[in-house]
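User: I have a model open and want to go through a few spots in it. Can you take my questions as they come?

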Amino acid sequence: MRHLITIRSLEVEHIQELLDLGADFKERVIANKNVPKIANRVLGLLFFENSTRTRVSFEQAAYYLGIKTANFSSHGSSMSKGETLKDTILTLRHERLNGLVMRHQMSGAPHLAARFFGGPVVNAGDGQHEHPTQALGDAMTILERKGSLQGLRVAIVGDVKHSRVARSNAWLLNKMGAEVRFVGPRNLIPINTANLPGEVFYDLQAGIQDADVVMCLRLQKERMSDGLLSSSSEYAAMYQVNRDTLKWASPDCMVMHPGPLNRGIEVDDVVADGAHSAINNQVENGVFVRMAALYWVFNELEIPEKPAKPVAKKGVKVGR
Ligand code: NCD
């Protein structure tokens, strides 16, 4: 059984396989031919947190692959009547869903789902932990512009502390040979960065100096405890990626953002909509790597065969 829950636990060969599959699906979808179908599968889309890009792109990916989706959100479900996550997962299992895509506010929730569901689980973002398909889409986007990840200097700027996107990207980029930098104020960089692959910079200029890729992150106010940030405008004054600050990065650097954007805070309009920006390409590639993710997990799904009835032939003893 295959799940896609963390980048951290993936082998380099599997990351490469998923990226190659994503590029292959992109070609096929754009040419409108030879898109392989996965028949007779129903995929549960379980979103316990808000989502626009991730949710719609999984739906779109499933559509291209011929997979039927069953949508679930905690509002309007029995979870609002007090049902536990475990019982919800068991319910979906016994309703014979074949796979789950899951976003949850709790880090580790997809691991729990994987334990009880009995089919493949794809993590669509869990708490502050990981968001593997976002990192795959980002890597595919970088590869299209830069040709390779090896040796690239990638600065991840902003609210690293609350960002599952930062963590998944850091693991992926590090495994694929890029140099990762975390840039932001002290209170938005996790204390235990020693566990993450990257160097920490508290100064924007030093952090994005000669960077090939600048990834901006949203300030995740919904996850911040009170008083963590004095004000968004103070943050913007020190860490905004804009026309002026981008001059410190490499002249052909690309600017990325997983979305949703808070324009005028972590990034300005000129940069978000300018020639360096790859934000729309990230969204586009998100669909193709999610096709890859679904294909990859479903292809390994073992369909139990009907136990063959022993055929008794005359004179031959069957069984013991
Ligand atoms: C991110 C997320 O939800 O982790 N968005 C996304 O999936 N593209 C980042 C964020 O919410 O800021």
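User: What does Asn-169 touch, leaving out residues up to four places away in sequence?
Analyst: This is a predicted model. In it, Asn-169 touches Ala-135, Asp-138, Ile-156 and Met-215.

User: Where is Asn-169 placed, and is Asn-169 buried or exposed?
Analyst: Asn-169 is in helix α6. Its relative accessible area is 1%, so Asn-169 counts as buried, the cut-off being under 20%.

User: Which unit is helix α6 part of?
Analyst: Helix α6, residues 164-175, makes a right-handed β-α-β unit with β5 and β6.

User: And how do β5 and β6 pair?
Analyst: They are parallel, with 5 bridges between β5 (residues 153-157) and β6. Ala-155 stands opposite Arg-181 of β6.

User: What is opposite Arg-181 in β7?
Analyst: Glu-199. Strands β6 and β7 (residues 199-201) are parallel too, over 3 bridges.

User: How many residues of β6 are buried?
Analyst: 4 of the 5 residues in β6 (179-183) are buried, so the strand is mostly covered.

User: What is the strand order in the sheet?
Analyst: The order is β7-β6-β5-β8-β9, in an open sheet of 5 strands with parallel pairing. From one strand to the next, the twist averages 25°.

User: Which helix packs on the sheet at β8 and β9?
Analyst: Helix α5, residues 132-146, which touches both of those strands. The direction of α5 makes about 165° with that of β9. As for the strands themselves, β8 (residues 213-216) and β9 pair in the parallel sense over 3 bridges, and Val-213 stands opposite Met-254 in β9.

User: Switching to the ligand. Which residues surround the ligand?
Analyst: Thr-54, Arg-103, His-131, Gln-134, Arg-164, Val-165, Arg-218, Gln-220, Pro-258, Gly-259 and Pro-260.

User: What polar distances do you have for Thr-54, Arg-164 and Gly-259?
Analyst: For Thr-54, a polar side-chain atom lies 3.1 Å from an oxygen atom of the ligand. For Arg-164, a polar side-chain atom is 2.7 Å from an oxygen atom of the ligand. Gly-259 uses the backbone: an N or O atom there lies 2.9 Å from a nitrogen atom of the ligand.

User: What kind of peptide bond joins Gly-259 and Pro-260?
Analyst: A cis peptide bond, with omega about -5°. Pro-260 is in the loop between β9 and α9 (269-272).

User: Back to Arg-218. Which side chain is joined to the Arg-218 side chain by a polar contact of 2.7 Å?
Analyst: That of Glu-222. Glu-222 lies in the loop between β8 and α8 (232-239).

User: Is Glu-222 buried or exposed?
Analyst: Exposed, because its relative accessible area is 52% and the cut-off is over 50%.

User: Last topic, backbone angles. What is phi of Asn-40, and what is phi of Arg-96?
Analyst: Phi of Asn-40 is near 55°, positive in a residue other than glycine. Arg-96, not a glycine either, has a positive phi of about 70°.

User: Where are Asn-40 and Arg-96 placed?
Analyst: Asn-40 is in the loop between α1 (12-31) and β1 (42-47), and its relative accessibility of 70% makes it exposed. Arg-96 is in the loop between α3 (85-94) and β3 (99-104), and counts as exposed at 69% relative accessibility.

Technical notes. Residues are numbered from 1 along each chain as its sequence is written. This is a predicted model: local features need pLDDT of at least 70, side-chain atom pairs count only at pLDDT 80 or more; totals for chains, interfaces and linings use all residues. Side-chain values use heavy atoms; hydrogens and water are left out. Buried means under 20% relative accessible area, exposed over 50%, partly exposed in between (1.4 Å probe, protein chains only). Helices (H or I, at least four residues) and strands (E, at least two) are DSSP runs, numbered from the N terminus. Two strands pair if DSSP finds at least two bridges between them. A crossover is right-handed if, with the strands pointing away from the viewer, the path from the first strand over the helix to the second runs clockwise. Axes are lines fitted to C-alpha atoms, for helices over the stretch in contact, and angles run from 0 to 180 degrees between N-to-C directions. Contact means heavy atoms within 4.5 Å. A residue is near a molecule or strand if one of its heavy atoms lies within 4 Å of it. A polar contact is a pair of N or O atoms within 3.5 Å; within protein, one must be able to donate a hydrogen and the other to accept it, and residues adjacent in sequence count only if both atoms are side-chain atoms.
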